[in-house]
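Work through the exercises below with the sequence and the model side by side. Try each task before reading its solution.

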Amino acid sequence: MTALAVLAVIGLVQGAFLVLLMIFLGVRQQVHRIHAISVNATLSGLYEPLGKWLAGAGTVHEFVAALRYLPGHSALGVAGNLARTAIPDGYRTELALALREEPWVRRAIGHAASRQWGRRLEAARCLALAGLPADAAVLEALLNDARPAVAIAAINALPRVADEALVARVLDRLATLPSTVVRYLHGSLREMRSLVEPALVIRLVSGAPPHALARWAELAGVLELPLALERVATLAEHPEPHVREAVAQAIRRVPRKRSADILLEMLHDADPEVRAAAAHGLGDLASGSAIPALMQVVHDESWAVRFRATLALTQLGEPGRTAVRALRSDVDPYVADMATLIAGLGDGALLDMVEG
Amino acid sequence: MITPQLTSVLHRTLWWADHAVLVYFLLLNSFYALLLLLSIPELWKHWRISDDEQLSRLLASDALPPLSILVPAYNEEVTIAASTLSFLTLEYPRFEVILVNDGSRDRTVEVLTREFDLYEVPPAYRRPLATKPIRAVYRSRKHSRLVVIDKENGGKADSLNAGMNAARHPYVVSVDADTLIEPDALMRLARPFLLGTPVAAVGGTLRVANGCVVRMGRVVDPRVDPVWLTGCQVVEYLRAFLFGRLGWNTLGGSLIISGAFGLFKLEYLIAIGGYKTGNVTEDMDLVVRLQRYLYENRIKAELPFIPDPVAWTEVPSDRKVLSRQRERWHRGLIGTMITHRDLLFNRKYGVMGMVAIPYFFFGEMLAPLVELLGYVMTGVGFAIGAIDTRFALLFLACAVGYGTLLSFWAIVLEEVSFRRYHRRTDLLWLLLFGAIEGIGYRQLTVWFRLQAFWKFLSGSEDWGVMTRKGFGTPT
């Protein structure tokens with residue numbers, strides 16, 4: 001075969017591909033248009049049975065039956081969207097039970113062990129809507145999925161499915177997860193506080209692995225679990241600084257005199273991160289008695305501690321703000337600059353700074 | 001008079017040069033084909049995840065890390081108020097906007113002061129990166145998330161460094177003052193965090209805003225500009241982002257995260273000394289140094305590209321400005337490749353040393369020279385009758401056809417995934433520009449890039465004036 005012939009073949013193949021791509025694009029546009037029209041028509045037909053069901057004039061089955069007319073993938077998305085925005089919590093179990101009778105839902109959940117991760121993702125999303133306690137084993141497998149997207153989607157199903165044993169295993173894995181994922185998990189665990197608190201109380205002992213302890217202390221604070229926070233407070237002198245920092249961040253969530261006393265002690269910690277967290281906590285607790293201690297800490301060698309201490313003073317009412325204004329003429333230029341910055345901020349900026 | 005000996009020498013030279021260009025063409029296009037194949041599963045992955053992604057749940061949680069958005073601004077008095085407001089109203093749980101006025105000669109600071117009720121605060125923050133002197137730092141009484149730094153002129157890199165010094169959050173997003181970011185783009189850009197991927201940087205997609213309907217700093221109706229020069233750039237951007245960068249995701253070693261819309265881990269940027277002033281394409285230089293730092297310190301952190309977070313940018317709409325932009329980009333590429341030439345085929349740097357740098361060196365930096373060589377050899381070949389006309393025309397058709405195929409593929413990827421353009425006429429314009437881009441526009445950009453070699457050798461560090469028309473509503 002000559003070089004010319006080879007080129008001619010390449011050119012023909014390319015031309016054929018180009019034509020195929022153009023045909024594909026044309027057909028795709030048309031299919032998309034028809035699909036969009038059909039989805040929109042079905043969507044508008046969904047609201048009537050949904051409204052009737054929620055008003056007690058109809059059954060959930062009528063709503064679920066209307067979902068059938070959507071393509072499988074769209075039905076899941078639409079139902080999920082409505083569940084989040086329009087269906088109150090009290091109706092979710094009824095919806096889940098009705099959905100479980102639907103072949104398309106059973107089929108989707110049945111793909112939880114599929115080799116295709118897209119199908120496992122759909123199963124996890126389906127469980128968030130139609131999961132039942134009996135699905136705990138399936139959900140656990142999805143939570144441990146090698147594909148992070150599947151594991152993240154499975155987190156949303158936890159409140160529907162999890163039992164004590166699964167919650168315990170989830171807590172044991174907290175230390176191994178990246179912090180963003182842990183925080184995302186907090187959202188689901190918040191809906192299961194009664195299951196989480198006893199499991200946390202058992203785990204919050206000083207002999208536990210430090211990294212896990214820090215994560216559990218953080219969780220106790222975020223979920224504001226009083227019994228667990230009692231245990232967290234006992235860890236204030238833990239040898240690991242990141243555990244002490246987590247303790248300082250957690251106990252500020254519950255305003256108690258004991259918390260303020262512990263945080264005042266922590267202002268003298270050897271680690272600057274712990275001192276900064278303690279100052280932050282004293283500000284959040286609005287503990288007026290902390291003003292003298294914070295006035296000392298504004299001279300700390302660490303920028304972060306000075307910043308947090310000055311900010312905390314502004315949270316302590318007029319006496320604290322007066323103290324900050326006085327610091328603007330401090331002989332230490334670092335202290336004076338910081339006080340001038342903080343004293344000049346408007347209320348919104350201050351709130352942003354405190355939360356950040 | 002051409003002697004038989006000279007003709008013979010020319011024939012032999014042509015034979016070798018033709019074969020060299022042919023091998024180069026085959027290798028480069030095979031690599032493009034590889035990127036194209038690798039982009040498919042990546043795009044499917046992101047499309048599948050982004051579909052039904054619970055962004056509202058994320059917005060209400062504190063899962064995502066707080067961000068500092070860095071906006072360098074120079075002489076932006078006309079657009080600065082609208083663009084700053086569009087940054088401040090982005091959907092993301094916790095962020096601050098640090099706008100750095102780079103010694104503007106117009107009334108940028110005055111406009112900001114009036115619109116956002118700015119007041120001066122002392123610059124009480126650490127400054128690990130050296131920058132030009134800071135004149136003042138302002139905060140806004142109306143928008144607590146806004147910080148404005150007024151500094152002496154030092155260029156974009158210097159402004160970004162000043163912004164990094166003031167950043168309070170662990171991740172920074174660099175954007176241009178005239179970039180229009182889609183409201184949910186930051187949350188989408190932060191997807192790797194949620195997926196638990198350790199990241200050093202994340203790149204988002206840039207699209208062409210020319211021709212789109214823009215209201216209040218937002219693209220409300222994406223359209224393809226039916227003007228040849230900008231229309232060709234729409235296809236060019238789709239190709240570069242939708243399969244070029246997605247393909248690199250799988251290979252690893254990506255060297256480009258656009259300075260107009262990219263997210264970086266502040267700790268790493270500080271460790272490498274921030275942006276390098278004096279480099280005309282500071283973003284590529286930064287990413288190469290960042291990759292280098294990660295390799296040398298054995299830090300396992302990725303630099304993924306995410307296709308669905310979109311920012312819109314105005315591209316040059318006349319030849320002069322396009323010429324300056326492309327010449328500057330290529331000069332920056334040459335500078336970066338020369339500076340980091342020790343990485344070339346350096347096994348110590350893994351994929352970056354063995355694949356990415358060689359690709360950018362031979363496949364991107366030298367491409368205009370090789371293409372010029374191809375055109376010259378073809379001309380000489382015709383002149384001395386050494387080239388079969390049919391072969392030359394067929395070869396040209398195949399080369400242009402392959403480029404068109406890649407463009408059409410990018411359009412298909414767009415159409416089956418995120419579908420930003422809804423009208424049938426837009427699709428037709430995309431196909432038309434994809435088909436004609438290979439003749440005329442491509443040669444024009446080759447010429448602009450060739451000029452970069454001359455400017456680089458003459459030691460120019462000039463940015464050139466980038467005049468823009470601004471956003472509006474097309475009639």
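**Exercise 1. Place Tyr119(B) in the fold and list its contacts.**

Solution. Start with the element: Tyr119(B) sits in strand β3 of chain B, residues 118-121. Helices (H or I, at least four residues) and strands (E, at least two) are DSSP runs, numbered from the N terminus. Next, the burial: Tyr119(B) has a relative accessible area of 7% and is buried. Buried means under 20% relative accessible area, exposed over 50%, and partly exposed in between, with a 1.4 Å probe and protein chains only. Now the neighbours. Leaving out residues up to four places away in sequence, Tyr119(B) touches Gly344(A), Leu345(A) and Gly346(A), along with Val137(B), Tyr138(B), Arg139(B), Ser140(B) and Arg141(B). Contact means heavy atoms within 4.5 Å.

A note on the model: it is predicted, so local features need pLDDT of at least 70 and side-chain atom pairs count only at pLDDT 80 or more, while totals for chains, interfaces and linings use all residues. Residues are numbered from 1 along each chain as its sequence is written, chains are lettered from A and ligands numbered from 1 in the order in which they are written, and side-chain values use heavy atoms, with hydrogens and water left out.

**Exercise 2. Describe chain B as a whole.**

Solution. Count the elements: chain B has 16 helices and 12 strands. Check the radius of gyration: a compact globule of 475 residues would have a value near 23 Å, and chain B agrees, with 23 Å. That radius is taken over C-alpha atoms, and the globule rule is 2.2 Å times the number of residues to the power 0.38. Then take the box: along the principal axes, the C-alpha atoms of chain B fill roughly 85 × 45 × 45 Å. For burial, 59% of the 475 residues of chain B count as buried. Last, the contacts: of those in chain B between residues at least 6 apart in sequence, 81% join residues at least 24 apart.

**Exercise 3. Classify the ring pair Trp312(B) and Tyr421(B), and say which parts it ties together.**

Solution. A search of the whole structure gives 22 aromatic pairs over all chains. Rings of Phe, Tyr and Trp (its six-membered ring) pair if their centres lie within 6.5 Å; planes under 30 degrees apart count as stacked, over 60 as edge-to-face and the rest as tilted. For Trp312(B) and Tyr421(B), the centres are 6.4 Å apart and the planes stand at 90 degrees, so the pair is edge-to-face. Trp312(B) lies in strand β12 (residues 305-313) of chain B and Tyr421(B) in the loop between α14 (389-416) and α15 (424-436) of chain B, so the pair ties together parts 109 residues apart in sequence. Trp312(B) is buried, at 0% relative accessibility. Tyr421(B) is buried too, at 4%.

Another pair, Tyr359(B) and Phe360(B), has centres 5.1 Å apart and planes at 80 degrees, so this pair is edge-to-face. Both Tyr359(B) and Phe360(B) are buried.

**Exercise 4. Is Arg298(B) buried or exposed?**

Solution. Locate the residue: Arg298(B) is in the loop between α10 (282-296) and β12 of chain B. Its phi is near 50 degrees, a positive value in a residue other than glycine. At 76% relative accessibility, Arg298(B) counts as exposed.
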